[in-house]
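Student: I am new to this structure and would like to go through it step by step. Could we begin with the strands and then move on to other parts?
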Amino acid sequence: GFTDHVALGNEEWNPWEGDEKNELAASQQRYEASLKMIKYARSHLEQTSLRVQIWGKAAIGLYLWQHIFGGHLEPADVTAQWREGSQKAGKTYFSFLTGPSVVPGYFSVEAEHVVLVLNGREPAKVASATQWLRYAQTLIQTRKIQHVAVVLLGNEQCNNGWIQPYLKRNGGFVNLLFVTYDYAFVNEEDIFQWPLGVATYRNFPVVEPSWSMLHDPRSYLCNFLGTVYKNSSRETLMEILKQDGHDKLCWIAAREQWQPQETNESFKNYQDALVHSDLTLCPVGINTECYRIYEACSYGSLPVIEDVMTPGDCGNSSMYHSAPLQLLKTMGAPFIFIKNWNELPAVLEKEKKMNLQEKIQRRKKLLEWYQNFKAWMRQKFINTLENSFLPSDKG
């Protein structure tokens, strides 16, 4: 029953239909390796050793819970003041709380270990994040909780110095930090890079791949819906698209000002563009990593990424030989990386020559990679917490 357990968890959908035998064999191996990892995790499941409460005070918490953990929240209403969910994974029982009503001191702390999901993108958010850290510190001091980990929506220029004094290594109390963007202090010991994910603050959904998403021809070669800033590489991109009339073959909708709030119509347009394009163009903004990359993956539209470092303090360390997007590259993301939009016409010419079968193969590879990426991040997150929070058996 291999095909009953397709890695994408949708029983009716068999992504390997009509493929060559060697592709099936490779997939079978990948599947068995994943199964081994899951069995190994399950074999450690007998007794729950850890209870972890996740306090979601930034939208990336929803990416962690709903997209990476595949967890549910009650009530389903995204505007609810209070939402919660729970899940057992590895040796750990996780509960997740989010919503405006989750305020320090006004909810019950029901675990000895806490993961704080915080927004550190700008000064006002840092002020709020700091209040949460002080609250957690009080709970540690009064022995209400034992350990704290932080998942941080970092600053887009990696100015995250404010969090450093709270880390255990610097005399603070935070055991682990998972932080977005190519933060130079990532060391894979107590500071880990975390994916930005999709824009959950705009209610981007968990997408279940369908047969048609995989097999249907798509109407557009590429898409770019977004803000075009003055004197940016995005202006260059627009000019290059116009040169060979590629803008006629792509779904391009440029605007001059960033819109934090999507209308229902603009959001539907954006999703349609992802579903109906073979490629999604990802020009740099304030940071190279953007929600668009993960949103394109969700719909099997291959990201074409402008692979350049943005100004600021991201990736300024010897370890960052593959920054930007160190995490995605390390995980073997099957994207197209280009250094300059002048390379785009050649990419699009090649795209025109691809037949549907080749595109279907590529979509399968992309969707399978993204699914595995999320499963891997989940397993790594759980293992890291368990290794750090559980008493070691070494005695």
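Student: How many bridges join strand E5 to strand E6?
Tutor: In this predicted model, strand E5 (residues 147-153) and strand E6 (residues 174-180) are joined by five bridges, and the two strands run parallel.

Student: Which residue in E6 does Ala 149 stand opposite?
Tutor: The residue opposite Ala 149 is Leu 176.

Student: What is the strand order in the sheet of seven strands?
Tutor: The order is E2-E3-E1-E4-E5-E6-E7, in an open sheet with mixed pairing. Strand E2 (83-89) and strand E7 (191-194) are at the edges; each has a single partner strand, so one side of each has no neighbour in the sheet. From one strand to the next, the twist averages 20°.

Student: How do strands of a sheet pair, in general?
Tutor: Strands of a sheet pair through backbone hydrogen bonds, and they may do so in a parallel or an antiparallel manner.

Student: Now the helices. Which strands does helix H10 lie across?
Tutor: Helix H10 (residues 356-389) lies across E1, E2, strand E3 (92-98), E4, E5, E6 and E7, and runs at about 160° to E6.

Student: And which strands does helix H3 lie across?
Tutor: Helix H3 (residues 123-141) lies across strand E1 (50-56), strand E4 (113-119), E5 and E6. The angle between H3 and E4 is about 170°.

Student: At what angle do H2 and H10 pack?
Tutor: Helix H2 (residues 60-68) packs with H10 at an angle of about 110°, and their axes are 10 Å apart. An angle from 65 to 115 degrees counts as roughly perpendicular, and H2 and H10 are therefore roughly perpendicular to each other. The crossing in which H2 passes H10 is left-handed.

Student: Which residues meet there?
Tutor: From H2 there are Tyr 63, Leu 64, His 67 and Ile 68, which meet Tyr 370, Lys 374, Met 377, Arg 378 and Phe 381 in H10. The residues of this contact between H2 and H10 comprise six nonpolar, one polar and two charged.

Student: A change of topic: where is the cis peptide bond?
Tutor: The cis peptide bond joins Glu 74 and Pro 75, with omega of about -10°. Pro 75 is in the loop between H2 and E2.

Student: What about Val 78, where does that residue lie?
Tutor: Val 78 also lies in the loop between H2 and E2. Its relative accessibility is 48%, so Val 78 counts as partly exposed.

Student: Which residues is Val 78 in contact with, leaving aside its neighbours within four places in sequence?
Tutor: Val 78 is then in contact with Arg 83 and Asn 203. Although Val 78 and Asn 203 are 125 residues apart along the chain, their C-alpha atoms are separated by 7.9 Å.

Student: What is the phi of Tyr 181?
Tutor: Tyr 181 has a positive phi of about 70°, although it is not a glycine. Glu 188, likewise a residue other than glycine, has a positive phi near 65°. The loop between E6 and E7 holds Tyr 181, and Glu 188 is found in that loop too.

Student: Are they buried or exposed?
Tutor: Tyr 181 has 1% relative accessibility and so counts as buried. Glu 188, at 41%, counts as partly exposed.

Student: Finally, how many helices and strands are in the chain?
Tutor: The secondary structure comes to 10 helices and 12 strands. The chain has 395 residues, of which 53% count as buried.

Conventions:
Residues are numbered from 1 along each chain as its sequence is written. This is a predicted model: local features need pLDDT of at least 70, side-chain atom pairs count only at pLDDT 80 or more; totals for chains, interfaces and linings use all residues. Side-chain values use heavy atoms; hydrogens and water are left out. Two strands pair if DSSP finds at least two bridges between them. Helices (H or I, at least four residues) and strands (E, at least two) are DSSP runs, numbered from the N terminus. Axes are lines fitted to C-alpha atoms, for helices over the stretch in contact, and angles run from 0 to 180 degrees between N-to-C directions. Contact means heavy atoms within 4.5 Å. Angles under 35 degrees count as roughly parallel, over 145 as roughly antiparallel, 65 to 115 as roughly perpendicular and the rest as oblique. A crossing is left-handed if the near helix is turned anticlockwise from the far one by less than a right angle, and right-handed if clockwise. Ala, Val, Leu, Ile, Met, Phe, Trp, Tyr, Cys and Pro count as nonpolar, Asp, Glu, Lys and Arg as charged, and the others, Gly among them, as polar. Buried means under 20% relative accessible area, exposed over 50%, partly exposed in between (1.4 Å probe, protein chains only).
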